[in-house]
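Q: I would like to learn how to read strand pairing and packing from a model. Please go through one with me.

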Amino acid sequence: MSVTDLLQQSELFLGLTTRQVEQIAALGQEVAYQAGDVIVREGDPSDEIYVICSGTVEVEVSRGAIADVSGPPRLTSLARLGQGQVFGEMALVDRGVRSATVRCVKDGTALYAIPRQALWMLCDSDHHIGYVVMRNIAADLSFKLRHRNLRMRLVGGEA
Amino acid sequence: MIYKVSYVVIGKPHLGEIVNLEAPPRVGDRVQVGGEPCEVIEVIDLIPPRENFAYLHVTCRPVQEKK
């Protein structure tokens with residue numbers, strides 16, 4: 001399966017033509033990780049958005065971490081993401097630092113990494129692509145929020 | 001059709017999972033969620049479908065695998 005075919009399996013590019021997805025695919029590259037690898041770390045600068053081509057990652061946030069206190073921060077898992085899912089999209093929108101740590105769960109997890117700046121420039125130069133990508137990012141963030149709300153309701157715990 | 005599925009495991013502080021599938025989960029299916037064996041007990045349409053994407057929410061309960 002080509003990179004374009006893989007990317008078209010992701011909601012992020014829903015509504016774009018094959019030619020438009022090829023334009024986006026040309027901006028990035030495939031990267032592979034092994035179980036336990038940290039792909040992005042909370043608080044770090046953000047340069048890329050990731051699409052999961054295969055495998056699974058886990059999203060974690062630190063709780064109660066104080067910068068002046070030594071020792072590792074306590075990490076809380078938010079969700080696992082599998083094939084077709086996207087992460088790093090918040091940084092694409094707000095250009096802030098990473099809001100969570102993302103760790104590889106399965107050996108050989110394949111991601112497609114797209115540089116934020118290049119994608120942003122493409123969205124600026126082609127407003128149709130820009131509109132569709134931003135709409136899809138909003139839909140993805142909404143889905144993740146619904147998932148979190150349902151999880152909170154069912155487990156009766158903290159998100 | 002691509003099924004974007006939100007999995008939640010009932011009764012435990014489980015992280016849940018979001019994944020795209022080629023076929024929809026069905027009640028009674030055995031699945032792995034967060035690396036743990038579970039049984040699907042409910043499948044609902046979370047939001048209306050869009051183009052070739054359907055959006056499902058699946059509630060599971062943990063099960064013990066036979067040794």
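Q: How many bridges join β3(A) to strand β8 of chain A, and in which direction do they run?
A: Strands of a sheet pair through backbone hydrogen bonds, either parallel or antiparallel. Here six bridges join β3(A) to β8 (residues 109–115) of chain A, and the two run antiparallel. Strands are DSSP runs of E, at least two residues, and helices are runs of H or I, at least four, numbered from the N terminus; two strands pair if DSSP finds at least two bridges between them. This is a predicted model, in which local features need pLDDT of at least 70, side-chain atom pairs count only at pLDDT 80 or more, and totals for chains, interfaces and linings use all residues. Residues are numbered from 1 along each chain as its sequence is written, with chains lettered from A and ligands numbered from 1 in the order written.

Q: Which strands are the edges of the open sheet?
A: The sheet has four strands in the order β1-β8-β3-β6 (chain A), with antiparallel pairing. Its edges are β1 (29–33) and β6 (86–87) of chain A, each pairing on one side only.

Q: Which way do the residues of strand β7 of chain A point?
A: In a regular strand the side chains alternate between the two faces of the sheet. In β7 (residues 101–104) of chain A, Thr101(A) and Arg103(A) point one way, Val102(A) and Cys104(A) the other, and all are buried (20 or more other C-beta atoms within 10 Å of the residue's own, C-beta atoms being placed from the backbone). Four bridges join β4 (residues 57–63) of chain A to β7(A), antiparallel, and Val57(A) has Cys104(A) as its bridge partner.

Conventions:
A residue is buried if 20 or more other C-beta atoms lie within 10 Å of its own, exposed if 12 or fewer, and partly exposed in between; C-beta atoms are placed from the backbone.
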